[in-house]
Amino acid sequence: MGLALEAARATPDGDVPVGAVVLGPDGAVLGEGTNRREADGDPTAHAEVLALRAAARRAGTWHLAGSTLVVTLEPCAMCAGALLLARVERLVLGAWDPKAGATGSVLDVVRDRRLPHRVEVVGGVREEECGDLLRAFFAARRGRPGDEPAVDASPWTPGARRE
């Protein structure tokens, strides 16, 4: 998660600070990504998608069986679908996203039994640190640097996952 947090902190100005890293079966880094939607003007430039693209290039195949994706924020539906299509084995996430998360919060795309592949999900890793990064970004965006929202007002409150 440390590498994913480093990537999130390197997110271009204006983009939501999310970082993702793909690890191969041997633990080697295959790909890394950070949100670049604003920087690239690309609605698909999510950290997870960019990390998967980089990993596929490095591995020489789209089939990333045995790999792990580590990301600072729970993936959305698009990114959850990309994890399935890439045959990622495991997802390790930091902060849950109770508004748009698709790996256990709002939806659970990656563990849908109707689909031919499922992804193991390990959530809440360094959750508070990942959430702090997001809360600081949105506080600054509102024009009130350091103005933290009330604990129950933030979707990135530790333990905010919906059961």
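This is a guided tour of the predicted model shown above, one selection at a time.

**Conventions.** The model is predicted, so local features require pLDDT of at least 70 and side-chain atom pairs count only at pLDDT 80 or more, whereas totals for chains, interfaces and linings use all residues. Residues are numbered from 1 along each chain as its sequence is written, and side-chain values use heavy atoms, with hydrogens and water left out.

**Whole chain.** Begin with the entire chain, coloured by secondary structure. It holds five helices and five strands, taken as DSSP runs (helices H or I, at least four residues; strands E, at least two) and numbered from the N terminus. Along the sequence their pattern is α-β-β-α-α-β-α-β-β-α. Of the 163 residues, 49% are buried; buried means under 20% relative accessible area, exposed over 50%, and partly exposed in between, with a 1.4 Å probe and protein chains only. Of the contacts (heavy atoms within 4.5 Å) between residues at least 6 apart in sequence, 55% join residues at least 24 apart.

**Strands β1 and β2.** Next select β1 (19–23) and β2 (29–34). These strands pair in the antiparallel sense over five bridges; pairing requires at least two DSSP bridges between two strands. Within the pair, V22 stands opposite G31 of β2. The hairpin has five residues between its strands, and G27 there adopts a positive phi near 90°.

**Helix α3.** Move on to α3 (47–59). The expected span of a helix is 1.5 Å times one less than its number of residues; for the 13 residues of α3 this gives 18 Å, in agreement with the 18 Å between its end C-alpha atoms. Colour the buried residues of this helix: A47, E48, V49, L50, A51, L52, A54, A55 and A56. They pack against β1, β2, β3 (68–73) and α4. After α3 comes G60, with a positive phi near 80°.

**The annotated site.** Select H46, C76 and C79, where an unreviewed UniProt entry places the feature "binding site". UniProt positions follow the numbering used here, feature names are shortened, and annotations may be inferred rather than shown by experiment. Although these residues span 34 residues in sequence, no two of their C-alpha atoms are more than 9.3 Å apart, so they gather at one spot. The lining of the largest pocket includes H46, C76 and C79. A pocket is an open set of points, on a 1 Å grid over the protein atoms alone, where a 1.4 Å probe fits, with protein on both sides within 12 Å along at least five of seven lines; lining residues have an atom within 4 Å of a point.

Centre on H46, in the loop between α2 (37–40) and α3. H46 is buried, at 15% relative accessible area. Leaving out residues up to four places away in sequence, H46 touches T34, N35, R37, C76, M78 and C79.

Then centre on C79, in helix α4 (residues 77–85). C79 is buried, at 0% relative accessibility. Beyond its neighbours within four places in sequence, C79 contacts H46, E48 and V49.

Finally, select F137 and F138. F137 counts as buried at 17% relative accessibility, while F138, at 22%, counts as partly exposed.
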